[in-house]
Amino acid sequence: MRMSGGASKRSLIFALALVAVAMFFAGYLTSALTSSSISHIGVKTVTKTIVKTAGLDMKLDIAGSTTVTPIVEEAARRFSELYPGFKISVAAIGSGPGIKAVGSGEVDIGMASRDLKEKEVEQWPDLKPFKIAMDSIAIVVHPSNPVNGLTLEQVAKIFAGEITNWKEVGGPDKPIHVVTREKGSGTRDCFEHAVMKPFEKEISAKAMVQQGNPKVRAAVANDPLSIGYISLGFVDETIKPLKIDGVEPKIENVLKGTYAIKRNLYVITKGDPDPAELMFIGYLLSAEGQRIVGELGYIPLYSVG
């Protein structure tokens, strides 16, 4: 958190800290109790008054997962409208780079679409991950592709380079163009654990590598022979999600446990969050923050109606 402002900063920071704790635990308890009945109106009113009176200029730098970015960007936009004294910048650089950035102190908050790895915890033992949503991964092809579904094993073999022609899985006699994510990507990490490792396979070195969900989606949308994987929140009409073992990649199927590819989404601080960080994380965990999660096609931690 970076801050400038008028006199009595110490008392103002203390007041902000109290509000931050209130916001965070309101959101946290709502999540824990799977209830959206806790009101944040009073907290918002108090916070607005403090920020306006203080004339504070607070800035949060956030960077990391391209999967988490849409949630945080929209939450940051609405949060800044509520509290004009806060300026929040959000950069999509991938889970691995985001964890490194917050661990090294380059940003205030990191974003990750996977759990912290053991080596990351060893390098930065004071990292504090906060689960803000859940997500799933869809295997996608061009809308013109006649293939509507695959088995999990077929997907693994395709990405391993063992199945190389669409005719082998009910499609045209054409080569399969495989599109994957870069190493360090949270989406790739989830895909490897859920799809490749159960069959003891690895993604082929011949696969085309794209940085970020939007670029994978664009690559598949522009190539009728391609196949890729993206966060469920990035699925749109430009690509076609495939059924896996007969099950559609939909939120309700993920929650029922019939669609097995799923993961947690996090924001991460270095050490305990300071007041400004705590306020924003509390907002993400609040009913309003979880509503944003659902609106963008991700899976909220609890029902918000």
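Residues are numbered from 1 along each chain as its sequence is written, and side-chain values rest on heavy atoms, with hydrogens and water left out. Because the model is predicted, local features need pLDDT of at least 70 and side-chain atom pairs count only at pLDDT 80 or more, whereas totals for chains, interfaces and linings use all residues.

Helices (H or I, at least four residues) and strands (E, at least two) are taken as DSSP runs and numbered from the N terminus. Strand E9, which spans residues 226-231, is mostly covered, six of its six residues being buried; here buried means under 20% relative accessible area, exposed means over 50%, and partly exposed lies in between, for a 1.4 Å probe and protein chains only. Two strands are said to pair if DSSP finds at least two bridges between them. Strand E5 (residues 127-141) runs antiparallel to E9 and is joined to E9 by five bridges, with alanine 138 standing opposite isoleucine 230 of E9. Strand E7 (residues 177-181) pairs with E9 in the parallel sense over two bridges, and in this pairing histidine 177 has serine 226 of E9 as its bridge partner.

Side chains of opposite charge can pair when their charged atoms come close. With a salt bridge defined as a side-chain nitrogen of Lys or Arg within 4 Å of a carboxyl oxygen of Asp or Glu, the count comes to 16 salt bridges. One of them joins the side chains of aspartate 135 and arginine 263, at 2.9 Å from N to O. Aspartate 135 lies in strand E5 and arginine 263 in strand E12 (residues 262-270), so the pair ties together parts that are 128 residues apart in sequence. Aspartate 135 counts as buried at 0% relative accessibility, and arginine 263 likewise counts as buried, at 8%.

Another salt bridge links glutamate 74 and arginine 77, at 2.6 Å from N to O. Both residues lie in helix H3 (residues 69-82), where they are three residues apart, about one turn of the helix. Glutamate 74 is buried, with a relative accessible area of 18%, whereas arginine 77 is partly exposed at 43%. In a further salt bridge, the closest N and O atoms of glutamate 248 and lysine 250 are 3.6 Å apart; glutamate 248 is partly exposed, with a relative accessible area of 35%, and lysine 250 also counts as partly exposed, at 35%. Elsewhere, salt bridges that share partners join Glu74, Arg77, Arg78, Glu81 and Glu295 into one network.

Helix H3 also packs against helix H10 (residues 275-285), at an angle of about 115 degrees and with the axes 10 Å apart. Axes are lines fitted to C-alpha atoms, for helices over the stretch in contact, and angles run from 0 to 180 degrees between N-to-C directions. H3 and H10 are therefore roughly perpendicular to each other, given that angles under 35 degrees count as roughly parallel, over 145 as roughly antiparallel, 65 to 115 as roughly perpendicular and the rest as oblique. Where contact means heavy atoms within 4.5 Å, Ile71, Val72, Ala75, Ala76, Arg78, Phe79 and Leu82 of H3 meet Met279, Phe280, Tyr283 and Leu284 of H10.
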